[in-house]
Amino acid sequence: GDRWETFRWENPDFIMKSDEYDAADILERCNNYMPKLEDMITQNLNCNTLPLAISTTELLEMMLPHVEQIRLFAQFRIGLEKAEQWLAEGASKTELERIIREIYTPIPEYNTLIGMWGQMEARTQCDMLETFCEKAGIEMPKDPVFRFYRKQRIYQEFCRYQKGKQEKYLFDRINGFQMGVAFGEKDSLELTEELIADGLLSEDEEGRVYVTDWENYRYHFGP
């Protein structure tokens with residue numbers, strides 16, 4: 001994208017969800033350039049024009065799994081476009097469920113840099129798939145490992161707020177920690193309820209949520 005809004009994942013103009021995302025071109029470029037990147041890694045190149053804290057090879061090795069994530073997302077977008085076409089042509093729910101199962105495997109995190117709410121392409125993939133399934137009236141496929149890591153990230157955020165506080169920190173189920181923006185309101189609520197069922201979170205008499213072992217995080221060293 002060429003505007004700030006296109007880089008913001010919660011913005012309606014986010015490029016990875018938009019029609020401006022040219023999945024076929026991006027996939028072709030990834031397929032063309034990944035072998036070249038791999039060749040550069042094996043050649044153990046030296047580059048002194050820009051001082052780095054790591055070697056050129058290490059830098060290239062960091063880039064490669066990110067490019068693979070981009071490639072996998074481009075493949076997914078092409079598959080989703082096919083599913084959208086099937087939906088428009090009146091395909092049955094059984095047919096739509098089959099193609100969704102074929103195109104959806106959560107994009108791996110590999111040894112890449114990620115944000116608090118997970119790998120960017122994986123989160124966008126899930127968001128777009130959820131929107132499609134709601135529109136098509138079919139069941140959203142739920143990968144158990146992917147959901148486990150989503151719950152882990154929500155729990156980590158709850159713990160972050162609790163740390164250093166002398167009283168339990170209470171959250172509204174949505175507005176208290178991420179306002180449903182990170183994973184969507186529906187999924188956020190479901191995952192929070194699962195965390196309560198798992199015993200990692202608890203709720204008070206007013207339905208507010210807190211870390212069950214909140215006292216483990218409250219101690220302050222120093223004055």
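**View 1. Ile100, a buried residue of helix H3 in this predicted model.**
We start at Ile100, which has its place in helix H3. Is Ile100 buried or exposed? With a relative accessible area of 1%, Ile100 is buried, because anything under 20% gets that label. Leave out the residues up to four places away in sequence, and Ile100 still touches Leu80, Ala83, Leu129, Phe132, Cys133, Ile138 and Pro141. Glu139 is 39 residues away from Ile100 along the chain, and the C-alpha atoms of the two are separated by 9.7 Å.

**View 2. Helices H2 and H3, packed together.**
Ile100 also turns up here, as one of the H3 residues that make the contact with H2. H3 covers residues 93–103, and it packs on H2 at an angle of about 175°, with the two axes 10 Å apart. An angle over 145 degrees counts as roughly antiparallel, so that is how H2 runs relative to H3. On the H2 side, the contact is made by Phe76, Gly79, Leu80, Lys82, Ala83, Trp86 and Leu87. H3 answers with Glu95, Leu96, Arg98, Ile99, Ile100 and Ile103. Sorted by class, the contact of H2 with H3 has 9 nonpolar residues, 1 polar residue and 3 charged ones.

**View 3. Ala74, a buried residue of helix H2.**
Staying with H2, we get to Ala74, which has its place in that helix. What is the relative accessibility of Ala74? It comes out at 0%, so Ala74 counts as buried. Setting aside residues up to four places away in sequence, Ala74 touches Tyr21, Ala23, Ile26 and Leu27. Asn31 sits 43 residues from Ala74 along the chain, with 11 Å separating their C-alpha atoms.

**View 4. The largest pocket and its lining.**
Next up is the largest pocket, which holds about 500 Å³ of space. Its lining is made of 26 residues, and Phe14, Met16, Ile70, Met120 and Glu121 are the ones that lie nearest the centre. Helix H1 (23–42), helix H2 (56–88) and helix H4 (120–136) are the elements that give two or more residues to this lining. Which element gives the largest share of the lining of the largest pocket? That is H2, with 4 residues.

H4 supplies the largest share, 4 residues. How do the lining residues of the second largest pocket divide by class? There are 7 nonpolar residues, no polar ones and 10 charged ones.

**View 5. Asn44, a loop residue with a positive phi.**
Asn44 lies in the loop between H1 and H2. Its phi is near 50°, a positive value in a residue other than glycine. Asn44 counts as exposed, because its relative accessibility is 53% and the label applies over 50%.

**View 6. Tyr110, another loop residue with a positive phi.**
Where is the place of Tyr110? Look in the loop between H3 and H4. Phi of Tyr110 is positive, about 50°, although the residue is not a glycine. At 44% relative accessibility, Tyr110 counts as partly exposed.

**View 7. Zooming out to the chain as a whole.**
The chain has 6 helices and 2 strands. Read from the N terminus on, the elements run α-α-α-α-α-α-β-β. Taken along the principal axes, the C-alpha atoms fill a box of roughly 60 × 55 × 30 Å. The chain has 223 residues, and 39% of them count as buried; Ile100 and Ala74 carry that label too. Among the contacts in the chain with a separation of 6 or more, 64% are between residues 24 or more positions apart.

Key: Residues are numbered from 1 along each chain as its sequence is written. This is a predicted model: local features need pLDDT of at least 70, side-chain atom pairs count only at pLDDT 80 or more; totals for chains, interfaces and linings use all residues. Side-chain values use heavy atoms; hydrogens and water are left out. On a 1 Å grid over the protein atoms alone, a cavity is a set of points where a 1.4 Å probe fits but cannot get out, and a pocket is an open set with protein on both sides within 12 Å along at least five of seven lines; lining residues have an atom within 4 Å of a point. Grid points are joined across faces, edges and corners, and a volume is the space filled by probe spheres set on the points. Ala, Val, Leu, Ile, Met, Phe, Trp, Tyr, Cys and Pro count as nonpolar, Asp, Glu, Lys and Arg as charged, and the others, Gly among them, as polar. Axes are lines fitted to C-alpha atoms, for helices over the stretch in contact, and angles run from 0 to 180 degrees between N-to-C directions. Angles under 35 degrees count as roughly parallel, over 145 as roughly antiparallel, 65 to 115 as roughly perpendicular and the rest as oblique. Contact means heavy atoms within 4.5 Å. Buried means under 20% relative accessible area, exposed over 50%, partly exposed in between (1.4 Å probe, protein chains only).
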